[in-house]
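Please look through the sequence and the model shown here before reading the notes that follow.

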Amino acid sequence: MALTRDELEKTFRDLEIPLYNFVLRWVFQGALAEEIVQEAFMIAWRKRAEIEFPTLKGLLYKTAQNLALNEIRKRRVRERLKDLVWWHQPSDPPGALAQLM
C-alpha cells in the first residue's frame with residue numbers, strides 16, 4: 001500500500017528534530033543537516049508509491065545517513081582539490097586540473 005500524505009506529514013512532525021540531530025552528528029553544520037533532512041523526506045515523497053508506512057522511519061534514517069555520507073565525500077574531494085591547486089599553473093591549458101583526477 002502506498003504511503004499517504006497524512007502519514008508522511010505525521011512522520012515529519014515526529015522525526016524532524018531527531019533526524020536533524022542524527023544528521024548533525026555526521027555533518028556538523030546546521031544548515032546542511034536541515035537540507036539533508038528535507039531531501040530525505042522529499043525522496044520519500046517521490047517514492048511514496050513504493051514505500052509502506054511501517055518501513056518509513058528506518059528508510060528515512062538510512063536515506064539521511066547516505067545523503068550525509070555523500071556530503072562528507074564531496075567535502076573530502078573539495079579539500080583534495082584545494083591541495084592540488086597549489087601546483088596548478090595559470091599557464092596550464094583549461095581542464096588540466098580536471099585531468100589529474
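Helices (H or I, at least four residues) and strands (E, at least two) are DSSP runs, numbered from the N terminus. Arg48, for instance, lies in the loop between α2 and α3. This is a predicted model, in which local features need pLDDT of at least 70 and side-chain atom pairs count only at pLDDT 80 or more, while totals for chains, interfaces and linings use all residues. Residues are numbered from 1 along each chain as its sequence is written, and side-chain values use heavy atoms, with hydrogens and water left out.

**The chain as a whole**
- The secondary structure comes to four helices and zero strands, and along the sequence the pattern reads α-α-α-α.
- Of the 101 residues in the chain, 27% are buried, where buried means under 20% relative accessible area, exposed means over 50%, and partly exposed lies in between (1.4 Å probe, protein chains only).
- A contact means heavy atoms within 4.5 Å, and among the contacts in the chain with a separation of 6 or more, 63% join residues 24 or more positions apart.

**Helix α1**
- Between its end C-alpha atoms α1 spans only 29 Å, whereas a straight helix of 23 residues would span 33 Å at 1.5 Å a residue; the expected span is 1.5 Å times one less than the number of residues.
- A kink of about 55° lies at Leu15 in α1, shortly before the proline Pro18, and the bend at a residue is the angle between axes fitted to the seven residues ending there and the seven starting there.
- The buried residues of α1 are Leu8, Thr11, Leu15, Leu19, Phe22, Val23 and Val27, and the helix is followed by Phe28, whose phi is positive, near 60°.

**The largest nonpolar core**
- A nonpolar core is a set of buried Ala, Val, Leu, Ile, Met, Phe, Trp, Tyr and Cys residues joined through side-chain atoms within 4.5 Å.
- The largest such core has 20 residues, of which Leu19, Val23, Val27, Ile36, Phe41, Leu56 and Leu60 touch the most other members.
- At least two residues of this core come from each of α1 (5–27), α2 (30–46) and α3 (56–85), and the largest share, seven residues, is supplied by α2.
- Leaving aside residues up to four places away in sequence, Val27 touches Leu32, Ala33, Ile36, Ala68 and Arg75.

**Aromatic pairs**
- Rings of Phe, Tyr and Trp (its six-membered ring) pair if their centres lie within 6.5 Å, and planes under 30 degrees apart count as stacked, over 60 as edge-to-face and the rest as tilted; by this rule there are two aromatic pairs.
- Phe12 and Phe41 form an edge-to-face pair, 4.9 Å centre to centre with 80° between the planes, and because Phe12 lies in helix α1 and Phe41 in helix α2, the pair ties together parts that are 29 residues apart in sequence.
- Phe12 counts as partly exposed at 29% relative accessibility, whereas Phe41 is buried, with a relative accessible area of 6%.
- Phe22 and Tyr61 also form an edge-to-face pair, 5.1 Å centre to centre with 70° between the planes, and since Phe22 lies in helix α1 and Tyr61 in helix α3, this pair ties together parts that are 39 residues apart in sequence.

**Arg48**
- Arg48 lies over the face of Trp45, at 3.9 Å from the ring centre; a charge sits over a ring if NZ of Lys or CZ of Arg is within 6 Å of the ring centre and within 35 degrees of the ring normal.
- With a relative accessible area of 31%, Arg48 is partly exposed, and it touches Ala2 and Leu3, not counting residues up to four places away in sequence.
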